[in-house]
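Take a moment to look over the structure below. We will go through it step by step.

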Amino acid sequence: MRMLCRAVTRIFVAAAVPAALLATAPASAVTVERVVSPGGIEAWLVRDTMVPLVAIEFSFRGGAALDPEGKAGLADMTSSLLDEGAGELDSQAFQQRLADLAVELRFSAGTDTIRGSFKTLNRNRDEAVELLRDSLTAPRFDVDAVERIRQQIMVVLARRSTDPDQIAERVWWKAVFPDHPYGRPVEGTPQSIAAITVADMRQLLRERFARDQLIVGVVGDITPGELGPLLDRAFGALPATGKPVRLPEATLRAAGQTFVISQDVPQSVVQFGQPGLKRDHPDYYVGYVMNYVLGGGGFSSRLYDEVREKRGLAYSVYSYVSPMDAAAILAGGVSTENSRVGESLAVIRAEWARMRDGGVTAVELEDAKTYLTGSFPLRFTSTDSIARMLVGMQYNDLGIDYIDRRNGYIEAVTREDVARVAGSLLQPDKLTFVVVGNPQGVEATAAAPDIGG
Amino acid sequence: MTLISLGRRLVVAAFLVLTGTAVPAGAAVFNPDSFTLDNGMKVVVVSNHRAPVVTHMVWYRAGAMDEPPGRTGVAHLLEHLMFKGTEAYPDGVFSQIVARHGGRENAFTSQDYTGYFQSVAADRLELMMELESDRMTNLVFLQEDIDTERQVVLEERRSRIENDPGSRLGEQANAAMYMNHPYRNPVIGWEHEIRALTRDDLMQFYRDWYAPNNAVLVVVGDVTVDQVRPLAEKYYGRIPARELGPRIDWREPPAKAAQLVTLADPQVRQPSWSRRYHAPGYIYGATGHAYALEVLAEILGGGTTSRIYRSLVVEQKIAAGAGAWYNPSSRGPTGFGFYGSPLPGGEIAPIEAAMEAEIRKLLRDGVTADEVERAKARLQAEAVYARDSLRAPAHSLGGGLVIGMTVDDIEAWPERIGAVTVEAVNAAASTVLRNDATVTTMLLPTKEGEGL
């Protein structure tokens with residue numbers, strides 16, 4: 001059955017365990033080992049013998065933000081083609097081999113990385129790793145497969161071009177980052193997708209798919225001694241070095257602007273946001289805790305209480321923090337019947353101001369801490385989710401003992417910290433709003449940027 | 001709080017479907033322990049000691065199909081109200097307590113059932129049981145809460161249905177699919193009936209169906225059955241069994257006419273086509289075909305190497321996407337479906353013709369032994385992957401038991417898939433796909449000059 005989940009909680013970066021709250025600290029249940037292959041490839045490993053399988057999550061530094069001018073969507077399209085034929089096997093043969101071996105293999109592009117997910121039953125491990133290796137080092141890019149994937153992306157773009165949620169998101173990013181790659185859609189545009197060539201994709205592989213750009217996390221029923229040679233078989237044929245990632249810092253524009261895109265739908269979709277704190281900012285955790293109270297906390301946040309619980313203005317209302325390589329945002333969304341949009345936005349602005357002026361209460365802070373720390377072990381329930389965390393820890397340079405230390409960062413946040421950071425960071429008058437629909441009580445302050453389509 | 005739209009795939013197959021190598025015959029899936037409390041509440045426990053956490057779920061055999069006539073949406077609105085409060089835990093403190101203890105929670109409503117769950121540190125299991133058992137019988141219905149939550153649900157309906165032409169078409173097509181069975185109504189309800197629901201409607205539905213003898217408890221995680229049993233007896237066992245509401249054994253009369261449901265909208269840029277055949281499931285109709293139909297759906301529509309994708313997308317190059325689905329996991333009648341969408345600028349007619357040709361070819365030539373073996377192996381491998389989380393066992397067991405399957409049925413799933421033969425697949429295909437009383441949908445762009 002297709003379960004439609006609410007879009008309220010989007011921000012679980014990582015949390016940790018409060019010794020005070022939990023009898024057993026899950027941190028101690030997880031031992032992260034650093035494994036270096038004979039060929040010099042490093043991976044972080046958590047051994048877990050519960051199910052006879054292995055999950056490998058990996059990232060290459062540099063994502064869609066590095067797509068060349070006019071070729072937006074290159075990283076995404078390349079990712080989609082890596083399992084569409086490699087080595088001796090054409091698309092159908094490769095897919096059949098994956099299916100027969102029950103291998104899960106997926107690639108996806110984000111703004112700052114290209115990610116791979118691989119999962120195999122242990123009994124098929126050796127053959128499965130060959131498929132992983134070939135997808136990384138010998139993708140075929142046969143013309144049939146390339147044109148098929150190109151058409152499929154075009155169809156997705158056509159669908160999104162009239163979807164109010166997608167329009168709101170794309171306009172927001174374009175308005176806020178008009179002069180930076182972050183303003184371009186990861187999936188590209190019809191024009192840029194049409195312009196991408198096989199040569200572009202091969203160049204991307206040469207520049208990005210290199211061992212010095214690679215980060216690997218492994219979880220499953222495998223020993224360090226077994227993992228070493230496996231890493232060499234999977235990744236050893238990649239070139240040692242790639243092109244260094246250089247992305248200019250991005251400045252957020254359109255502060256305080258409201259953009260309205262008219263669409264004949266009964267409910268307006270709203271995206272809003274402002275600058276946030278980057279992952280290595282000394283106050284990152286303060287902002288993280290503050291956002292939980294403001295709008296990050298699922299069924300218990302100020303935005304949820306004020307917009308949904310008290311006024312019934314929306315089914316979904318939330319805020320989230322998103323630290324990226326070249327910028328950071330504190331953003332959110334809400335969807336409200338056209339006639340009440342003005343009211344929703346006023347409530348959100350008021351909550352922004354209340355947090356700026358008053359910070360959080362002692363009870364709110366304590367509740368935030370016990371949630372953010374206590375929910376941490378929920379991230380350790382499947383091999384792939386643990387492996388993703390291992391990649392994130394390496395990507396953000398958090399240290400191999402991060403899981404044990406993480407808790408302390410949350411616990412250390414004080415009311416004074418939140419008041420200080422909220423007072424300087426939150427700017428209700430500088431929020432950038434994008435509204436798609438026929439909203440009442442909302443005035444556009446400028447013409448919306450053109451997103452094509 | 002979420003809503004499950006009417007079945008795309010079954011609960012078991014949702015987690016037990018991908019790709020594979022054969023599981024030895026007789027291999028079980030989750031190895032659960034199960035027992036029944038004196039009041040009739042079923043309990044299932046799956047131990048998984050990877051992390052010191054548990055998922056705690058209560059499923060009620062009460063969904064949209066159990067709503068009285070004219071009261072669509074009451075099951076779902078009640079699910080929302082379950083978070084509002086009891087005398088012991090008023091004013092939304094339920095969610096505050098769960099969050100304060102590091103728990104994540106949610107709930108969902110489908111045609112067949114309503115479920116509530118929390119994922120939390122294992123040593124908080126008792127607290128979750130105290131809270132969940134309390135709201136099984138002690139819910140307070142404040143008019144003010146009902147009025148606010150009704151607005152929330154109307155916003156939810158706008159988000160899910162009204163703002164999306166594909167969903168609006170799906171809702172209409174569903175009503176065409178079922179002439180008599182309440183599956184014809186959307187889970188979220190029709191707007192005018194959501195607006196008209198009263199406090200009495202909500203209280204009546206709650207009294208009729210929220211009882212231990214109509215519920216299944218599932219606990220998955222870092223616990224043992226010996227730890228769960230005394231807690232379940234203490235909290236859920238204290239609630240007496242009750243007489244349930246009148247349960248109607250809905251039967252769908254034979255469909256005798258093909259129907260076409262089309263929707264043209266300026267919001268549509270990319271046309272799409274679907275066709276749904278009436279089909280039996282695990283519980284309803286000619287249930288002996290269910291496992292063979294799962295294998296058939298895998299052969300026809302299981303990913304990029306399936307017959308339909310290969311034919312329409314890879315070889316003929318007329319579709320951007322195409323496939324088939326089957327959902328056997330429902331209390332009532334179900335469907336076997338096909339879908340496809342053309343390449344940019346393409347028309348629907350060639351998609352429909354190519355799909356019909358594939359179905360004719362299947363009925364004429366049948367499937368091959370190689371196709372059946374590969375499909376079975378892929379499905380069975382899912383059973384291994386399904387053990388690699390807390391969510392899959394909780395949903396497979398809870399969702400299966402609440403619709404009327406047994407633990408043995410769910411554990412025997414790989415074995416029953418393994419027993420499917422070429423002849424069984426061909427017989428199932430013939431039974432389902434020779435009945436032309438189908439529902440076909442077309443989602444179309446508004447033509448130039450129309451609807452402006």
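In which strand of chain A does A:Val317 lie? A:Val317 belongs to strand E10, which covers residues 317–323. Helices (H or I, at least four residues) and strands (E, at least two) are DSSP runs, numbered from the N terminus.

This is a predicted model: local features need pLDDT of at least 70, side-chain atom pairs count only at pLDDT 80 or more, and totals for chains, interfaces and linings use all residues. Residues are numbered from 1 along each chain as its sequence is written, while chains are lettered from A and ligands numbered from 1 in the order in which they are written.

Stay with A:Val317. It is buried, because 28 other C-beta atoms lie within 10 Å. Buried means 20 or more such atoms within 10 Å, exposed 12 or fewer, and partly exposed in between, with C-beta atoms placed from the backbone. Leaving out residues up to four places away in sequence, A:Val317 touches several residues, among them A:Gly295, A:Leu303 and A:Val334. Contact means that two C-beta atoms, placed from the backbone, lie within 7 Å.

Now turn to chain B. Its secondary structure comes to 17 helices and 12 strands. Of its 452 residues, 57% are buried. Its C-alpha atoms fill a box of roughly 65 × 60 × 40 Å along the principal axes.

Where do the chains meet? In all, 67 residues of chain A are in contact with 66 residues of chain B. On the side of chain A that touches chain B, H5(A) gives the largest share, 7 residues.
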